[in-house]
Amino acid sequence: MRLYHGSNLVVAEPRLVEQTRGLDFGAGFYLTTNQTQAERFSEIVVTRRKSGVATVSVYEFDLAAAEKDLAIRRFASADGEWLRFVSENRLLTYCGEEYDMVIGAVANDDVMPTVQAYLSGLFDVEATLLALKTRKLVDQICLKSEEALSLLRFIKSEVLQ
């Protein structure tokens with residue numbers, strides 16, 4: 001499976017780092033199957049960090065081995081379970097089962113205002129899910145363990161112009 005990671009630098013040797021802020025699926029190394037999403041995110045990272053250059057690192061991931069050996073949480077859609085999981089991770093309150101890998105929709109800049117409306121109590125679950133149906137959701141894959149990272153092989157990086 002081909003995966004992409006957007007950053008402000010080449011990430012030839014991915015690693016797990018401590019997170020100081022709440023992310024959709026918790027701490028881990030984030031990737032996507034959508035190259036355009038990775039490109040957009042790399043530009044966001046450059047802007048946030050005010051350093052580097054927008055870069056997409058490309059990898060091959062052994063999904064068959066992951067499905068055989070790892071604890072994987074998959075969200076088929078942005079449903080109530082996905083919303084609950086993302087909300088708890090964003091608020092740093094998730095205390096459920098631990099996974100090696102989580103796959104599902106990304107709460108990107110297009111989706112995040114709707115999730116924020118839910119987190120602040122402006123939307124209930126039903127209104128949030130209804131609003132999310134109008135959005136084009138892109139996938140994300142979060143590798144959360146060294147075992148999962150070991151199945152990822154760096155192929156190349158591409159600097160955006």
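At 61% relative accessibility, Leu 92 counts as exposed, because exposed means over 50% relative accessible area, with buried under 20% and partly exposed in between (1.4 Å probe, protein chains only). The structure is a predicted model, in which local features need pLDDT of at least 70 and side-chain atom pairs count only at pLDDT 80 or more, while totals for chains, interfaces and linings use all residues. Residues are numbered from 1 along each chain as its sequence is written, and side-chain values use heavy atoms, with hydrogens and water left out.

Leu 92 lies in the loop between helix 3 and strand 5 (101-105), where helices (H or I, at least four residues) and strands (E, at least two) are DSSP runs numbered from the N terminus. Leaving aside residues up to four places away in sequence, Leu 92 touches Arg 21 and Gly 22, contact meaning heavy atoms within 4.5 Å. Leu 92 and Asp 24 are 68 residues apart in sequence, yet their C-alpha atoms are 9.8 Å apart in space.

The protein as a whole has six helices and seven strands, which follow one another along the sequence as β-β-α-β-α-β-α-β-α-α-β-α-β. Some overall values are collected below.

| Property of the protein | Value |
|---|---|
| Box filled by the C-alpha atoms, along the principal axes | roughly 45 × 40 × 30 Å |
| Buried share of the 161 residues | 42% |
| Share of contacts with a separation of 6 or more that join residues 24 or more positions apart | 83% |

Two packed helices are described by the angle between their axes and the distance between the axes. The axes of helix 3 (residues 80-90) and helix 5 (residues 125-132) come within 10 Å and cross at roughly 105 degrees, the axes being lines fitted to C-alpha atoms over the stretch in contact, with angles running from 0 to 180 degrees between N-to-C directions. That makes helix 3 roughly perpendicular to helix 5, a term that covers 65 to 115 degrees. In this contact, Gly 80, Trp 82 and Leu 83 of helix 3 meet Val 125, Thr 128, Leu 129 and Leu 132 of helix 5. By class, the contact has five nonpolar, two polar and no charged residues, with Gly counted among the polar ones.

Helix 3 and helix 5 are also among the elements that cover the buried residues of helix 4. In helix 4 (residues 112-119), those buried residues are Met 112, Thr 114, Val 115 and Ala 117. Just after helix 4, Gly 121 takes a positive phi of about 90 degrees.

How values were computed
Parallel < 35°, antiparallel > 145°, perpendicular 65-115°, else oblique.
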